[in-house]
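Here is a short briefing to read alongside the sequence and the coordinates.

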Amino acid sequence: MNRRTYSRRELIGLTALGIVAASALPRRLSAAITAAGPQDLIVRNANVYTVDARLARAEAFAIRGSQFIAVGSNAEIAALASKDAQVFDAQGMTIVPGFIDCHNHPIGETLLYEVVVGNPFDVEFVTIDSIVDKLIAKARQTPPGYWISGFFYDDTKVKDKRPLNIRDLDRVSKDHPVTVRHRGGHTGFYNSKALELAGVTRDTRDPPGGTFDRDANGNLSGRVTDKALAVFDKVGMRPKFSAQEEQQRRRNGAAHISREFVRYGLTSVHHEDGDLASLEEIRDSGELLHRVNFQLNDTDLERMITAGIRSGFGDEWLRIGATREHTVDGSFSERTMSWSAGYPSRPGYKGNVTQTQEALDAWVERVHRARIQINCHANGDVAIDMMLKAVARAQQLFPIKDARPKITHCTLVNDDLLRRIKAAGAVPMPFTSYAYYNADKFHFYGEEFMSRAMAFRSFIDAGIAVAAGSDFYPGPFAPLMGMQGMVTRTGWNGEKWGANQRITVAEALRVQTLNGAHASHEEAIKGSITPGKLADFVVLSADPHTVSPDTIKDIKVVRTVTGGKTVYQA
């Protein structure tokens with residue numbers, strides 16, 4: 001971590017997103033520790049899974065301030081308690097470390113203010129008419145020429161059993177550009193007005209790394225993928241807000257998503273960019289309930305490099321992490337990821353590679369030399385190979401010990417890729433909730449593919465510290481849904497795919513706790529219920545180790561505690 005002392009005035013220029021906020025974090029943390037009183041919190045009569053190999057199971061633990069100070073039996077902890085200790089009787093309930101999500105797009109602002117056409121948090125089927133009706137209602141309140149947008153659409157969660165098309169969205173309006181964004185984030189569906197404004201016709205050629213999809217007659221279907229989406233960014237009109245209104249929306253969104261995270265037991269989340277100033281504001285107001293590992297986009301990354309700030313800047317509440325995912329290929333759920341064998345349903349199509357090897361090499365080398373943790377979005381075997389080549393090249397030119405480059409998704413692997421991931425000390429972060437939530441999409445790939453996809457078993461057997469990445473909003477972020485999927489490989493529809501990649505409940509718990517801390521170089525301070533670590537834990541209504549594996553997702557989060565403070569209670 002960079003140890004230069006920055007004044008607040010110096011830091012103001014570092015990033016529009018507010019890296020300035022981080023300058024005060026270590027000082028504030030020291031003050032909080034100094035002010036902490038001697039009173040202990042004792043948790044007793046619990047079924048504790050510590051995720052600490054030195055003491056895997058316990059009955060009780062003690063907390064002073066924001067840290068665990070002792071873990072053991074009821075009798076051992078009672079003997080250590082101060083006379084003023086508060087006692088929480090868990091009455092036999094199961095307690096695990098706080099869950100850690102290493103890849104999440106925290107779009108609280110979208111959830112609060114935009115048209116949501118699907119269920120963000122669970123499996124729910126909707127109709128095309130219901131989507132269209134919601135958009136029509138929005139269009140009636142919106143002046144002509146302004147965008148009408150819908151979010152959280154999932155093409156396999158539609159009762160009509162067909163995807164949206166241009167004709168559906170033309171029903172919404174002929175005077176407004178209309179889009180519905182797939183929750184996967186790599187495809188959008190557009191009406192005729194939007195395509196007209198963007199100058200896209202049936203004769204428009206696909207750009208590198210993207211497509212304007214067509215129907216059987218060669219006409220535009222309205223579906224657009226990956227790099228082709230950019231043409232819509234500068235057409236049509238969008239609402240304008242004052243700077244004060246914009247900040248209030250961002251702040252409200254940040255507080256909203258924090259409440260949602262802890263409701264599901266998440267105490268640490270790696271944010272795929274966002275707004276640091278809003279996070280600092282809700283921290284000051286006491287509304288930041290989870291710990292943030294903040295990952296910056298390319299623009300702010302350049303300011304960070306120029307200022308000499310490295311990954312790790314900040315404290316345990318709000319810390320600068322790796323880069324935002326640097327996209328190398330397309331989407332797993334939307335069937336645009338890179339696949340060397342090609343898609344059986346689309347002869348000749350091998351997915352979208354969105355970066356050349358030369359450009360990727362240059363980006364990785366620049367970030368690596370700045371001692372900032374690399375993070376690349378690489379779903380398919382082609383993209384993963386490209387990333388590992390770039391990382392190996394950068395390490396040869398400028399060796400850094402224990403760099404832990406992060407491979408976001410890392411969906412499709414083989415024996416050679418596993419060997420190279422292990423050699424690089426890389427941290428793969430496969431989808432967690434997908435095995436349950438997206439099983440209805442796996443037939444597009446087939447069993448042979450799925451036996452090597454989201455390969456938690458292969459990673460663990462290879463000695464790789466695989467971590468959890470829900471990729472919300474593309475997938476639900478519920479950790480218990482993710483755990484069930486990793487353990488059973490069975491979807492909501494009863495289909496089982498890639499059963500060879502199943503792992504145990506204990507392994508899945510480690511993936512979502514201690515391995516998540518490892519992904520951000522924070523395993524010394526969190527990820528397990530261990531004396532000296534931060535007191536982040538979750539109380540569950542049942543033990544995921546003993547219930548039927550097909551019901552793990554139904555276990556209720558009774559209480560979420562971050563730093564010894566209850567931040568959610570059912």
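**Helix H13 and its ends**

Asn414 caps the N-terminal end of H13, with a side-chain oxygen 3.2 Å from the backbone nitrogen of Asp416; a polar contact is a pair of N or O atoms within 3.5 Å, where within protein one must be able to donate a hydrogen and the other to accept it, and residues adjacent in sequence count only if both atoms are side-chain atoms. This is a predicted model, in which local features need pLDDT of at least 70 and side-chain atom pairs count only at pLDDT 80 or more, while totals for chains, interfaces and linings use all residues. Residues are numbered from 1 along each chain as its sequence is written, and side-chain values use heavy atoms, with hydrogens and water left out.

- H13 covers residues 415–424, and its buried residues are Leu417, Leu418, Arg420 and Ile421 (buried: under 20% relative accessible area; exposed: over 50%; partly exposed: in between; 1.4 Å probe, protein chains only).
- Helices (H or I, at least four residues) and strands (E, at least two) are DSSP runs, numbered from the N terminus.
- The buried residues of H13 pack against helix H12 (381–397), strand S20 (406–409), strand S21 (427–429) and helix H16 (456–461), where contact means heavy atoms within 4.5 Å.
- After H13 comes Gly425, which has a positive phi near 65 degrees.

**H10 against H11**

- Helix H10 (residues 298–307) packs on helix H11 (residues 357–369) at an angle of about 40 degrees, and their axes are 10 Å apart; axes are lines fitted to C-alpha atoms, for helices over the stretch in contact, and angles run from 0 to 180 degrees between N-to-C directions.
- H10 and H11 are therefore oblique to each other (under 35 degrees is roughly parallel, over 145 roughly antiparallel, 65 to 115 roughly perpendicular, and the rest oblique).
- On the H10 side, Asp298, Leu301, Glu302 and Ile305 meet Trp363, Arg366 and Val367 of H11.
- The residues of this contact between H10 and H11 divide into four nonpolar, no polar and three charged (Ala, Val, Leu, Ile, Met, Phe, Trp, Tyr, Cys and Pro count as nonpolar, Asp, Glu, Lys and Arg as charged, and the others, Gly among them, as polar).

- Ten of the ten residues of H17 are buried, so H17 is largely enclosed by the rest of the structure.
- Among these buried residues are Pro479, Gln484 and Thr488.
- Arg489 follows H17 and lies in the loop between H17 and H18.
- Arg489 is buried, with a relative accessible area of 3%.
- Ile503 is found in the loop between helix H17 (479–488) and helix H18 (505–511), and at 5% relative accessibility Ile503 counts as buried.
- Leaving out residues up to four places away in sequence, Ile503 touches Phe456, Arg457, Ile460, Met486, Val487, Ala508 and Val511.
- Ile503 and Ala455 are 48 residues apart in sequence, with their C-alpha atoms 9.6 Å apart in space.

**Backbone geometry to check**

- Most residues other than glycine have a negative phi, and most peptide bonds are trans.
- Arg489 is not a glycine, yet its phi is positive, about 55 degrees.
- Lys161 also has a positive phi, near 60 degrees, and lies in the loop between strand S10 (148–153) and helix H6 (166–170).
- Lys161 is exposed, with a relative accessible area of 78%.
- The peptide bond from Phe472 to Tyr473 is cis, with omega near 20 degrees, and Tyr473 is found in the loop between H16 and H17.
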